[in-house]
Amino acid sequence: TGDGQTSPPFLIESLSVTAVPADGHGTAAHRAGRVLRVTDARGTHDVPFPLDSLVSVAVPIVAAAMPHDDRAVLGLHLLSVRDDLARPGYVLAARGKQTVPGSASMLWRVDLLHCGMVIDAYWFDDNCRLIRTDTPGGTRLYTIRVASRLAAEMSLTPAPPAIARPPATIP
């Protein structure tokens with residue numbers, strides 16, 4: 001593991017993924033340095049894959065290895081399986097030992113956040129075994145590429161329509 005400043009805090013040296021969806025068109029991928037070499041129905045192509053990138057199934061494994069305190073934070077890229085992009089803006093944040101909602105159990109909690117919002121909460125016992133995963137629902141998060149910083153600062157959602165109010169009457 002590195003210090004996170006001059007070298008990545010973790011590095012998956014070997015990664016091999018094979019997926020076969022219902023349509024039968026499989027996808028295979030493996031790390032080749034800073035790229036992910038993907039073979040799918042379109043052929044073989046390289047996808048940028050920063051050294052601090054993870055596939056989603058590896059997130060709980062890295063979360064389990066984090067220190068059991070409430071100060072550890074680890075920034076990472078998460079590979080989107082939909083479009084083979086390593087998306088920035090994800091953070092694993094250790095929350096310390098907490099009471100599990102709806103239970104009297106005390107477990108170690110690590111949250112996966114994207115742009116400051118909790119995506120998943122992982123709950124581990126003292127032996128770093130994953131006991132529970134909470135995925136808050138109801139909020140959809142979208143990450144898109146924009147042409148400029150100005151475009152990124154513009155609101156993505158339209159302003160709510162003005163509420164039609166009846167004219168005031170004076171008694």
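The questions and answers below concern this predicted model.

Q: How many disulfides does the structure hold?
A: A disulfide requires a pair of cysteine sulfur atoms within 2.5 Å. By that criterion, the number of disulfides in the structure is zero.

Q: Is Cys-115 buried or exposed?
A: Cys-115 is found in the loop that runs between strand E8 (106-114) and strand E9 (117-124). Its phi is positive, at about 50°, although Cys-115 is not a glycine. The relative accessibility of Cys-115 is 64%, and the exposed class begins over 50%. Cys-115 is therefore exposed.

Q: Which accessibility class does Cys-128 fall in, given a relative accessible area of 34%?
A: Cys-128 sits in the loop between E9 and strand E10 (130-134). Its phi is near 65°, a positive value in a residue other than glycine. Buried means under 20% and exposed means over 50%, with partly exposed in between. Because its relative accessible area is 34%, Cys-128 is partly exposed.

Q: What is the volume of the largest cavity?
A: Counting cavities of 30 Å³ or more gives one cavity. For the largest cavity, the volume is about 40 Å³.

Q: Which elements give two or more residues to the lining of the largest cavity?
A: The lining of the largest cavity consists of Ala-63, Met-66, Pro-67, His-68, Asp-69, Ala-94, Arg-95, Gly-96, Trp-108, Arg-109, Val-110 and Phe-124. The elements that contribute two or more of these residues are strand E7 (85-99) and E8.

Q: How many charged residues are in the lining of the largest cavity?
A: Asp, Glu, Lys and Arg count as charged. The lining includes Asp-69, Arg-95 and Arg-109. Alongside seven nonpolar and two polar residues, the number of charged residues is three.

Q: Is His-77 buried or exposed?
A: His-77 belongs to strand E6 (residues 73-80). Its relative accessibility is 18%, and the limit for the buried class is under 20%. His-77 therefore counts as buried.

Q: Which residue has a side chain joined to that of His-77 by a polar contact of 2.7 Å?
A: Leaving aside neighbours within four places in sequence, His-77 is in contact with Pro-50, Asp-52, Ser-53, Leu-54, Ala-86, Arg-87 and Pro-88. A polar contact is a pair of N or O atoms within 3.5 Å. The side chain joined to that of His-77 at 2.7 Å belongs to Asp-52.

Notes
Residues numbered from 1 in each chain as written. Predicted model: local features only at pLDDT ≥ 70, side-chain atom pairs only at ≥ 80, totals over all residues. Heavy atoms only, no water. Buried < 20%, exposed > 50% of the residue type's maximum accessible area, 1.4 Å probe, protein only. Helix = DSSP H or I, 4+ residues; strand = E, 2+ residues; numbered from the N terminus. 1 Å grid on protein atoms, 1.4 Å probe; cavity = no way out; pocket = protein on both sides within 12 Å on 5 of 7 lines; lining within 4 Å. Points joined across faces, edges and corners; volume = space filled by probe spheres on them. Polar contact = N/O pair within 3.5 Å; in protein donor to acceptor, adjacent residues only side chain to side chain. Contact = heavy atoms within 4.5 Å.
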